[in-house]
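This briefing sets out selected structural features under a few topic headings. Please read it alongside the sequence and the coordinates shown below.

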Amino acid sequence: MATNTRTDPADRVTTLAVDIGGSGIKALLLDEAGQPLSTRGRVETPKPATPKAVIAVIADLAKAKGPFDRVSVGFPGVVRQGVTVTAPNLDASWNGYKLAASLKRVLGRPVRVANDADVQGFGAIAGRGVEVVMTLGTGMGSALFVDGRLVPNLELAHHPFRKGMTYEEQLGNMALKKAGKEKWNSRLGKAIQALDALFNYDVLYIGGGNTKHIAIPLPANVKVVPNVAGLLGGIALWK
Ligand code: BGC
């Protein structure tokens, strides 16, 4: 009898991938290989974006996308062992919040949480050499991989960049709105140069919703990745 690999129990493990952003919370169901099994759901990030309000949104998205066996979450701040440490674009109440444990209680499934740019990176990298990720959304995310291994929680966002301002102050969504597309693009070019000089990366991936505003030519080793990588990368948290 021919074996249908689709009936292998391991193939049926489904992962709910969640991406918590400053403006939207997104969710997608993934199969064992990390391929999408559903359309992407998106709900506006509640204001204020407290843990309780954000978890309620995730519970609704989970109900709409379920059933699933496990959950991966990309979080817009530093995360250590499922506990959120910072959340500059959400709410101060995330400091020291046990997100993985709380979500596990609400959803009844095991939950793994990582920084959103780290997850985005897993969805984009080739796994060879030095690969750096920058995300341009509400905040500015960053991630570093060496031969596919993550250096977790690289936080370029709040690192000094230029003119006494941080990367996020120059390249975040507020900066884009305030400075306009032309200035923002010119800053982006300078940031790419600065990151190249710092990391000597093999590839720099740029993701996030504001990549649609990029209007400068990019060097051959700089690639724009689709936003869905922020969800697809969620599968890597279970490898
Ligand atoms: C946070 C990062 C996050 C980025 C994108 C920054 O403000 O410090 O941890 O990855 O925003 O959401």
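A residue counts as buried when its relative accessible area is under 20%, as exposed when that area is over 50%, and as partly exposed in between. On this scale E32 is partly exposed, because its relative accessibility is 29%. The model discussed here is predicted. Its protein chain is divided into domain 1 (15–119 + 231–238) and domain 2 (127–224).

**Domain arrangement and interface**

- A distance of 23 Å separates the C-alpha centres of domain 1 and domain 2.
- Contact between the two involves 11 residues of domain 1 and 14 residues of domain 2.
- The size of an interface is often given as the accessible area lost when the parts come together.
- Here domain 1 and domain 2 bury about 850 Å² between them, with 47% of that area on carbon and sulfur atoms.
- Of the area that domain 1 buries against domain 2, 56% is supplied by N89, A117 and D118, more than by any other three residues.
- Between domain 1 and domain 2 there are zero salt bridges, while three residue pairs are in polar contact, both residues being at pLDDT 80 or more.
- On the side of domain 1 that touches domain 2, β5 (79–80) and α3 (116–122) each supply at least two residues.
- That side of domain 1 is made up of four nonpolar, five polar and two charged residues.

**The loop between β2 and β3**

- D31 is located in the loop between β2 (24–30) and β3 (41–44).
- With a relative accessible area of 9%, D31 falls under the 20% limit and therefore counts as buried.
- A polar atom of the D31 side chain lies 2.9 Å from the backbone nitrogen of A33.
- The backbone nitrogen of Q35 is likewise placed 2.8 Å from a polar atom of the D31 side chain.

**Salt bridges**

- Side chains of opposite charge can pair when their charged atoms come close.
- The structure holds three salt bridges.
- One of the salt bridges joins R70 and E32, with an N to O distance of 3.9 Å.
- This pair links distant parts of the chain, 38 residues apart: R70 belongs to strand β4 (residues 70–75), and E32 to the loop between β2 and β3.
- R70 is buried, because its relative accessibility is 12%, whereas E32 is partly exposed at 29%.
- D19 and K26 form a salt bridge in which the closest N and O atoms are 3.8 Å apart; both D19 and K26 are buried.
- R42 and E44 also form a salt bridge, their closest N and O atoms being 2.8 Å apart.
- R42 is partly exposed at 41% relative accessibility, and E44 is exposed at 52%.

**Backbone geometry**

- The peptide bond joining K47 and P48 is cis, with omega about 0°, and P48 is placed in the loop between β3 and α1 (51–65).
- A cis peptide bond also runs from G66 to P67, with omega near 0°; P67 is in the loop between α1 and β4.
- N153, a residue other than glycine, has a positive phi near 60° and is found in the loop between β11 (149–151) and β12 (160–162).
- N200, again a residue other than glycine, has a positive phi near 50° and lies in the loop between α6 (181–199) and β14 (203–207).
- N200 is exposed, because its relative accessible area is 57%.

How values were computed. Residues numbered from 1 in each chain as written. Predicted model: local features only at pLDDT ≥ 70, side-chain atom pairs only at ≥ 80, totals over all residues. Heavy atoms only, no water. Domains from an automatic or database assignment. Contact = heavy atoms within 4.5 Å. Buried area = accessible area lost by both parts, 1.4 Å probe. Salt bridge = Lys/Arg side-chain N within 4 Å of Asp/Glu carboxyl O. Polar contact = N/O pair within 3.5 Å; in protein donor to acceptor, adjacent residues only side chain to side chain. Helix = DSSP H or I, 4+ residues; strand = E, 2+ residues; numbered from the N terminus. Nonpolar A, V, L, I, M, F, W, Y, C, P; charged D, E, K, R; others polar. Buried < 20%, exposed > 50% of the residue type's maximum accessible area, 1.4 Å probe, protein only.
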